[in-house]
Amino acid sequence: MLEEYQLLVQPIHTAIAGRARYKIAGLWRCQSLKRYLELQLSTQPNIFQVRGSVDTGNLLVIFSPHLNHSQVAKTIQNLVHIYRQNLRLPPVPVGVNQCLLPVISASSLATILSVATGIIYSQNWDELILLNIQKLHDPILDRVMLGTTLLGEPAILLALCWSLPQFGFFQAHPESAQLVTNATLSAIGLNLFLKYIFARERPLLWERLINVDYYSFPSGHAMVSIVTYGMIAYFLAQAYPHKKQEIFLLTFLLISAIGFSRLYLGVHWFTDVTAGYAFGLLLIAGFILMKGKFEQSQSLIGEGVGGRE
């Protein structure tokens, strides 16, 4: 056990009571391990603050004077051991900037959706798609769709954002909750601006079950929901990497259901929804990229301070 301790966790700055820095094996360039340790340690009693750096592989921990750095190191060692044995994640390639992977994925998907939107619009398939969806109308499904569409209401999404700091991962990382809120507010503002610019009228192919106003393109429900739920999924997938597939699958199903509800209710054209998703994905990519640059600068500042200890 002593040998494993020396391999996984090495205290490097322990001169100040209640504050220590550790070199963690595998933390360098591994954002998922950083999130895991920050989340798990922040829930431990007598540990007040945790900050990891994937650029140096160091972990700064501020804790109660009732603890010593060896006790904290043992707790970290146990967490790293659990991470390595139970999660069994593949190693992250050295030199890969972690924020670029989701940014490239989101941008690529946005490009595909944009091309599909252009093709469908140029072929005048919007009306045909809605008329085929109308054939699915059923009293029970009507109620399901009315409930589903509420999950994409901007007011509901903002309420969700403001409540995030009260729960789980976001309680320990309020800065992540704030980023989700900022992204949601940006999506709402950009959506209203785009609607004003394009000024596309909403479809009126049958009697609507809900009252809507303002313009149609792009869909606000699609755009804002993919930003809010997408950003939440991004952070949760980093905090719980062993549940990443389930998190993204459930998020995909939820966002798709919200988009489909807008078509089912006849308040948007199909291209309104696909364009809303595309714009939302670009916003997600932009916020994740800004987050990565901010964390990199903070890490450099933190290491500069640590080097003077």
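Among contacts between residues at least 6 apart in sequence, what share joins residues at least 24 apart? In this protein the share is 72%, where contact means heavy atoms within 4.5 Å.

This is a predicted model: local features need pLDDT of at least 70, side-chain atom pairs count only at pLDDT 80 or more, and totals for chains, interfaces and linings use all residues. Residues are numbered from 1 along each chain as its sequence is written, and side-chain values use heavy atoms, with hydrogens and water left out.

**View 1. The whole protein.**
The protein has 12 helices and four strands. Helices (H or I, at least four residues) and strands (E, at least two) are DSSP runs, numbered from the N terminus. Of the 309 residues, 45% are buried. Buried means under 20% relative accessible area, exposed over 50%, and partly exposed in between, with a 1.4 Å probe and protein chains only. The accessible surface comes to about 16000 Å². Carbon and sulfur atoms hold 63% of that surface. Accessible areas come from the Shrake-Rupley method with a 1.4 Å probe; for residues, only the protein chains shown count as cover.

**View 2. The four-stranded sheet.**
Four strands form an open sheet, in the order β1-β2-β4-β3. The pairing is antiparallel. Two strands pair if DSSP finds at least two bridges between them. Strands β1 (9-13) and β3 (47-53) stand at the edges. Each has a single partner strand, so one side of each is left without a neighbour in the sheet. On average, neighbouring strands of this sheet are turned by 25° against each other, direction ignored. Axes are lines fitted to C-alpha atoms, for helices over the stretch in contact, and angles run from 0 to 180 degrees between N-to-C directions. Helix α2 packs on the sheet and touches β2, β3 and β4 (58-63). The direction of α2 makes about 175° with that of β3.

Strand β1 and strand β2 (residues 19-24) run antiparallel and are joined by four bridges. Val-9 stands opposite Ile-24 in β2. Pro-11 stands opposite Tyr-22 in β2. The two strands form a hairpin with five residues between them. Gly-18 sits in the turn and has a positive phi of about 80°.

**View 3. Strand β4 and its two partners.**
Five of the six residues of β4 are buried, so mostly covered describes this strand. Five bridges pair β2 with β4 in the antiparallel sense. Ala-20 stands opposite Val-61 in β4. Tyr-22 has Leu-59 of β4 as its bridge partner. On to the other partner: six bridges join β3 to β4, again antiparallel. Ser-53 has Asn-58 of β4 as its bridge partner. Strands β3 and β4 form a hairpin with four residues between them. Gly-57 in the turn has a positive phi of about 80°.

**View 4. Tyr-36 and Tyr-83.**
A search of the whole structure finds six aromatic pairs. Rings of Phe, Tyr and Trp (its six-membered ring) pair if their centres lie within 6.5 Å; planes under 30 degrees apart count as stacked, over 60 as edge-to-face and the rest as tilted. The ring centres of Tyr-36 and Tyr-83 are 5.3 Å apart and the planes stand at 45°, so the pair is tilted. Tyr-36 lies in helix α2 (residues 31-42) and Tyr-83 in helix α3 (residues 69-87). The pair therefore ties together parts that are 47 residues apart in sequence. Both Tyr-36 and Tyr-83 are buried.

**View 5. Phe-170 and Phe-235.**
The ring centres of Phe-170 and Phe-235 are 6.1 Å apart. Their planes stand at 85°, so this pair is edge-to-face. Phe-170 lies in helix α8 (residues 168-172) and Phe-235 in helix α10 (residues 220-239), so the pair ties together parts that are 65 residues apart in sequence. Phe-170 counts as buried at 4% relative accessibility, and Phe-235 at 0%. Ring pairs link Phe-170, Tyr-234 and Phe-235 into a cluster.

**View 6. The buried side of helix α5.**
Helix α5 (residues 126-134) has Asp-126, Leu-130 and Ile-133 as its buried residues. These residues cover an arc of only 60° around the axis, which puts them on the same side of α5. The arc is that of the directions from the helix axis to the C-beta atoms.
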